[in-house]
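Thank you all for making the time this morning.

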Amino acid sequence: MRFSRYFLPLLRDDPKEAEITSHRLMLRAGLIRQASAGIYSWLPLGFKVLHKIEQIVREEQDRAGALELLMPTIQSAELWKESGRYEAYGKEMLRISDRHEREMLYGPTNEELITAIFRDAVKSYKDLPRILYHIQWKFRDEIRPRFGVMRGREFLMKDSYSFDLTVDDARKSYNKMFVSYLRTFARMGLKSIPMVAETGPIGGNLSHEFIILADTGESEVHCHRDLIALEPPGADIDYDGDLSPIVEAFTSKYAATEEKHEAERFLKEVREEDRVTARGIEVGHIFFFGTKYSESMGARVQGPDGELITVQMGSYGIGVSRLVGAIIEASHDEAGIIWPKSVAPFDLGLINVKVGDPATDTACEDLYTRLEAAGLSVLFDDRDERAGAKFAAMDLIGLPFQLVVGPKGLASGEVELKERATGARHSLTFDSAFNRLLASQAETKRQAS
Ligand code: 5CA
């Protein structure tokens, strides 16, 4: 992509409305614009990142055996009356009536709709277990939308729903999602810690929030230091095998969100030097709630002996749009965003420091064509701007590499490759710069599989 033809409105100054780094940088780097309170438009650069995150979530859900479908954003109030949540959900639900005065709503979550789909389609225990998911926009009329996409009113969520015959089986489904979440967030360069959590309006009594530690997190969390050092399982994990030892490793030490924190237990169970009390961002939340919806909505299947069995359910959410902000909170510096390679909107920026100089222009065009042909995505800054402004823009938008091409280097057949994360710069021949970029791309792909 040529910068001169792109739509990338950068802001020089910090926007007043942004209270935290990620919100400030998302506005400055031209990722989003506010449409109204808590509702955002995703500009081309931000939309690319959102897609990349969504794709990682999708791949890890599929790997765990979950099946993707798509439910609508607008739902009928009827279903919510069946479960009893229509009144209970309160003002957070956006209620709409259509031209026939039928009560509708913009879905804040989908337990009711998926339970209805399941109940109408599945009649036998032989069709269990199943985990179904979709990635769809939600609306919650949050009392205090803030921090940009971190607490929006309209936001993109991945929500999965599991259906099982027995509590034991349901626990296996829960474990699958638990493990897939560890992998999902790790692939985005995030260290997530599962913590015992409150269930709120979703319900149930077994629940974990997946928390990223960050100073700007909305809630205070407490955990054992060892949990931060644990590594998630590799891509070869067998989801049909016994996952309980992994879940056990991540849950046997103290970790709780503010609402579930037991100060006395924390002091007793965790040595002082191992106690971590920090701010956290909730990027995922999983729930086991048994028959809460299947009972009230009549989701039953015929068991092996012909008897009717009410299915056991769980639901599992990931804040896909929130993750864009969370990743920036975890990975930035004074100059701007530092995207982990797996979610970066382009693999690299190519900077022509002297537009109009024939040798530099030719070298840039040549490199641009070769890099793109090799499958690397390039943002080519071909604008006739000061070099300083171009460097600042590239630092701000945070692509993993910058390839800087100017007359001085070219005189000795070299270009400069800067790594955004470390700031390290190397003068290299065209070929070795090229090879390094390809090697990095291969490494990112390897980590994904
Ligand atoms: N039905 C369940 C699981 S599918 C559910 O709705 N869970 S939730 O309420 O915890 O939301 C799931 C995830 O969505 C949260 O972990 C969080 O990452 C994200 N999320 C929730 N509210 C918002 C919001 N207002 N803005 C951005 N992301 C949000």
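Let me start with a question: which residues lie nearest the centre of the largest pocket? They are R140, R151, E282, H285 and R322, and they belong to a lining of 43 residues. Before I go further, please keep in mind that this is a predicted model, in which local features need pLDDT of at least 70 and side-chain atom pairs count only at pLDDT 80 or more, while totals for chains, interfaces and linings use all residues. Residues are numbered from 1 along each chain as its sequence is written, and side-chain values use heavy atoms, with hydrogens and water left out.

By pocket I mean, on a 1 Å grid over the protein atoms alone, an open set of points where a 1.4 Å probe fits, with protein on both sides within 12 Å along at least five of seven lines, and a lining residue has an atom within 4 Å of a point. The largest pocket holds about 930 Å³ of space, where a volume is the space filled by probe spheres set on the grid points, which are joined across faces, edges and corners. Two or more lining residues come from each of β8 (154-164), β13 (275-290), β16 (312-319) and α11 (320-330), and β13 gives the most, with 7 residues. Here helices (H or I, at least four residues) and strands (E, at least two) are DSSP runs, numbered from the N terminus.

The second largest pocket has a volume of about 790 Å³, and its lining of 36 residues has R187, S342, T444, Q447 and A448 nearest the centre. At least two lining residues are supplied by each of α2 (44-63), α6 (167-187) and α15 (430-448), with α15 giving the most, 8 residues.

Angles here run from 0 to 180 degrees between N-to-C directions, with axes fitted as lines to C-alpha atoms, for helices over the stretch in contact, and contact means heavy atoms within 4.5 Å. The sheet is open, with 5 strands in the order β20-β19-β21-β22-β23 and mixed pairing, and its edge strands, β20 (378-381) and β23 (425-429), each pair on one side only. Two strands pair if DSSP finds at least two bridges between them; β19 (residues 348-352) and β20 do so in the parallel sense over 4 bridges, and L350 has F380 in β20 as its bridge partner. Helix α13 (residues 387-397) also packs on this sheet, touching β19, β20, β21 (401-405) and β22 (414-419), and its direction makes about 175 degrees with that of β19.

Leaving aside residues up to four places away in sequence, Y106 touches T73, I74, L94, I96, W137, K138, F139 and E154. The C-alpha atoms of Y106 and P72 are separated by 9.0 Å, although the two are 34 residues apart along the chain. Strand β6 belongs to an open, antiparallel sheet of 3 strands in the order β4-β6-β5, and β5 and β6 pair over 4 bridges, with E103 in β6 as the bridge partner of S97.
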